[in-house]
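User: I would like to learn how to read contacts, helix faces and charge pairs in a model. Please take me through them.

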Amino acid sequence: MSLWKSKLGNTYTQVEIEAAHEQNMAILTKLRNAPPNNRCAECGNSGVVWASVNLGVFTCMRCGSVHRALGTQISKPKGCTGSYLWGPDEIARMQQIGNATAAEI
């Protein structure tokens, strides 16, 4: 049985993650399109295509690249457009925090 590890450190079966991919992408798309997640948490530009999974925020391409350069001890960026598999813990983190809550924190 092949295992898959999320950016938050939890392990799932590869079969489980692949089976949930379409549903997770639908949830992620809905989250990305909802204000204020539809604007980058860093610069405010539209077109969010990245997320920092540990921080629970959505970012644009430029700011997502900056987050990638920060190192995984600070930010764990991940693409939101379907090329990456997402785990249930990662989806839950994005639902729990999002750009509005992160801005308040």
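**Reading the model**

Analyst: Start with histidine 21: leaving aside its neighbours within four places in sequence, it is in contact with Gly82, Tyr84 and Leu85. Contact means heavy atoms within 4.5 Å. Histidine 21 sits in helix α2. Helices (H or I, at least four residues) and strands (E, at least two) are DSSP runs, numbered from the N terminus. Two notes on the source. This is a predicted model, in which local features need pLDDT of at least 70 and side-chain atom pairs count only at pLDDT 80 or more, while totals for chains, interfaces and linings use all residues. Residues are numbered from 1 along each chain as its sequence is written, and side-chain values use heavy atoms, with hydrogens and water left out.

User: What span should helix α2 have, and what do its end C-alpha atoms show?

Analyst: The expected span of a helix is 1.5 Å times one less than its number of residues. Helix α2 covers residues 21–33, which is 13 residues, so it should span 18 Å. Its end C-alpha atoms are 18 Å apart, in agreement.

User: Which residues of α2 are buried?

Analyst: First the general idea. An α-helix has 3.6 residues a turn, so residues three or four places apart point the same way. Now the case. His21, Asn24, Met25, Leu28, Leu31 and Arg32 are buried in α2. They cover an arc of only 125° around the axis, so they are on the same side of α2. The arc is that of the directions from the helix axis to the C-beta atoms. Buried means under 20% relative accessible area, exposed over 50%, partly exposed in between (1.4 Å probe, protein chains only). The face turned away from the buried side of α2 carries the exposed residues Glu22, Gln23, Lys30 and Asn33.

User: What do the buried residues of α2 pack against?

Analyst: They pack against α1 (14–19), β4 (57–59) and α4.

User: Which residues of α3 are buried?

Analyst: Cys63, Gly64 and His67. Down the axis of α3, these buried residues fall within an arc of 105°, so they line one face of the helix. The cover over them includes β3, β4 and β5. Met61, Arg62, Arg68 and Ala69 are exposed, on the face of α3 turned away from its buried side. Serine 65 is also in α3. It counts as partly exposed because its relative accessibility is 38%.

User: Which residues form a nonpolar patch on the surface?

Analyst: Val66, Leu70 and Ile74 do, with about 230 Å² of accessible area together. Patches are made of residues with over 30% relative accessible area and no salt bridge: like charges are joined within 9 Å, nonpolar side chains (Val, Leu, Ile, Met, Phe, Trp, Tyr) within 5 Å. Accessible areas come from the Shrake-Rupley method with a 1.4 Å probe; for residues, only the protein chains shown count as cover. Valine 66 lies in helix α3, residues 61–70. Its 44% relative accessibility is why valine 66 counts as partly exposed.

User: How many salt bridges does the structure hold?

Analyst: Side chains of opposite charge can pair when their charged atoms come close. The structure holds 1 salt bridge. The term means a side-chain nitrogen of Lys or Arg within 4 Å of a carboxyl oxygen of Asp or Glu. Here the side chains of lysine 78 and glutamate 90 meet, at 2.7 Å, N to O. The pair links distant parts of the chain, 12 residues apart: lysine 78 is in strand β5 (residues 77–79) and glutamate 90 in helix α4 (residues 88–96).

User: Are lysine 78 and glutamate 90 buried or exposed?

Analyst: Both lysine 78 and glutamate 90 are buried.

User: Where is there a cis peptide bond?

Analyst: Most residues other than glycine have a negative phi, and most peptide bonds are trans. A cis bond joins proline 35 and proline 36, with omega about -5°. Proline 36 is in the loop between α2 and β3 (50–52). As for phi, glycine 71 follows α3 with a positive value near 100°.

User: What is cysteine 40 in contact with?

Analyst: Leaving aside neighbours within four places in sequence, cysteine 40 is in contact with Asn45, Val48, Phe58, Thr59, Cys60, Cys63 and Asn99. Cysteine 40 lies in the loop between α2 and β3. Its relative accessible area is 5%, so cysteine 40 is buried. Asparagine 45 is in the loop between α2 and β3, and counts as partly exposed because its relative accessible area is 40%.
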